Amino acid sequence: MWPYKEWPEEHFRSLLRQLAGAGHQLVLTRGPGDADRQRVAAMADAAPATQLVDAGVLGFGQLAGLLRGAALYIGPDTSVSHLAAACGTRVLVIFGPTNPQRWAPWPAGTQEVRFVRRAEMQQAGSVTLLQANLDCVPCGKAGCEDHRLSPTLCLPAIRPERVAAEALRLLSLDGRELPQQVGDVAAPRAVPAPQVVPPA
């Protein structure tokens with residue numbers, strides 16, 4: 001909805017190429033607006049047509065049904081990320097200026113979740129949250145210039161190779177339980193990332 005919460009289009013294209021290259025089926029969701037339609041249309045050649053589906057505009061129930069059947073949802077700080085978490089789907093969420101202690105998606109069935117303010121990666125139940133390693137993250141502002149149309153430096157700093165590596169790790173769990181939280185805190189943890197080489 002706001003530019004300061006958008007992960008760059010070229011990052012999404014790279015992520016799609018990497019996940020398709022690993023053999024995964026990809027489904028893109030969008031809202032009814034022209035901007036969403038154009039963004040999804042711009043992704044059409046990022047992966048083979050047999051692996052990339054534009055789900056079009058879905059009703060709330062349809063979207064929830066799609067999310068429940070997904071092996072993994074990847075998205076930015078948006079309402080659909082919260083819906084995916086509520087549906088019990090594994091969620092990989094990309095956070096920029098927003099404070100995850102207040103606004104991170106809440107994993108389904110979890111009684112108490114306490115994300116920390118800043119960690120490059122933290123996990124609570126089915127939700128894995130990525131942030132940039134910048135001193136200003138999270139600033140809690142509407143982007144770097146603190147207005148609704150502001151650009152932001154922290155979201156482009158989360159590289160698609162990093163997101164792809166974490167997505168492939170989560171997908172490799174193949175139905176196994178995700179690691180539990182440490183106490184009440186979704187403790188930041190270092191995970192050796194698989195090497196993902198972008199296609200030439």
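Two residues are in contact here when heavy atoms of theirs lie within 4.5 Å. With that in hand, welcome to the close-up views.

This is a predicted model, in which local features need pLDDT of at least 70 and side-chain atom pairs count only at pLDDT 80 or more, while totals for chains, interfaces and linings use all residues. Residues are numbered from 1 along each chain as its sequence is written, and side-chain values use heavy atoms, with hydrogens and water left out.

**View 1. The whole protein chain.** Among contacts between residues at least 6 apart in sequence, 60% join residues at least 24 apart. The protein chain holds six helices and six strands; these are DSSP runs numbered from the N terminus, with helices being H or I of at least four residues and strands being E of at least two. Of the 200 residues, 44% are buried. Buried means under 20% relative accessible area, exposed means over 50%, and partly exposed is in between, using a 1.4 Å probe and protein chains only.

View 2. Helix H1 covers residues 9-21, and its 13 residues should span 18 Å at 1.5 Å a residue, which agrees with end C-alpha atoms 18 Å apart. The expected span is 1.5 Å times one less than the number of residues in the helix. His11, Arg13, Ser14, Leu15, Leu16, Gln18, Leu19 and Ala20 are the buried residues of H1. What do the buried residues of H1 pack against? Their partners are strand S1 (26-30), strand S2 (52-57), strand S3 (73-76) and helix H6 (160-172). After H1 comes Gly23, with a positive phi near 95°.

**View 3. Ala20 in helix H1.** Ala20 belongs to helix H1 and counts as buried at 7% relative accessibility. Leaving out residues up to four places away in sequence, Ala20 touches Leu26, Ala47, Pro48 and Gln51. Ala20 and Gln51 are 31 residues apart in sequence, with their C-alpha atoms 6.6 Å apart in space.

**View 4. Where H1 meets H6.** Two packed helices are described by the angle between their axes and the distance between the axes. The axes of H1 and H6 come within 9 Å and cross at roughly 40°. Each axis is a line fitted to C-alpha atoms, for helices over the stretch in contact, and angles run from 0 to 180 degrees between N-to-C directions. H1 and H6 are therefore oblique to each other. Angles under 35 degrees count as roughly parallel, over 145 as roughly antiparallel, 65 to 115 as roughly perpendicular and the rest as oblique. On the H1 side, His11, Ser14, Leu15, Gln18 and Leu19 meet Pro160, Glu161, Val163, Ala164, Ala167 and Leu168 of H6. By class, the contact of H1 with H6 has seven nonpolar, three polar and one charged residues. Ala, Val, Leu, Ile, Met, Phe, Trp, Tyr, Cys and Pro count as nonpolar, Asp, Glu, Lys and Arg as charged, and the others, Gly among them, as polar.

**View 5. Where H3 meets H4.** The axes of helix H3 (residues 60-68) and helix H4 (residues 79-86) come within 9 Å and cross at roughly 60°. That makes H3 oblique to H4. Phe60, Leu63, Ala64 and Leu67 of H3 meet Val80, Leu83 and Ala84 of H4. The residues of this contact divide into seven nonpolar, no polar and no charged.

**View 6. Glu166 in helix H6.** Apart from neighbours within four places in sequence, Glu166 is in contact with Leu92, Met121 and Thr128.

**View 7. The loop between S6 and H6.** Most residues other than glycine have a negative phi, and most peptide bonds are trans. Pro138 lies in this loop, and a cis peptide bond with omega of about -10° joins Val137 and Pro138. Asp146 is also in the loop between S6 and H6, and its phi is positive at about 55° although Asp146 is not a glycine. At 46% relative accessibility, Asp146 counts as partly exposed.

**View 8. His147 and its contacts.** His147 sits in the loop between strand S6 (127-130) and H6 and is partly exposed, with a relative accessible area of 35%. Not counting residues up to four places away in sequence, His147 touches Tyr4 and Ala142. The C-alpha atoms of His147 and Trp2 are separated by 9.5 Å, though the two are 145 residues apart along the chain.
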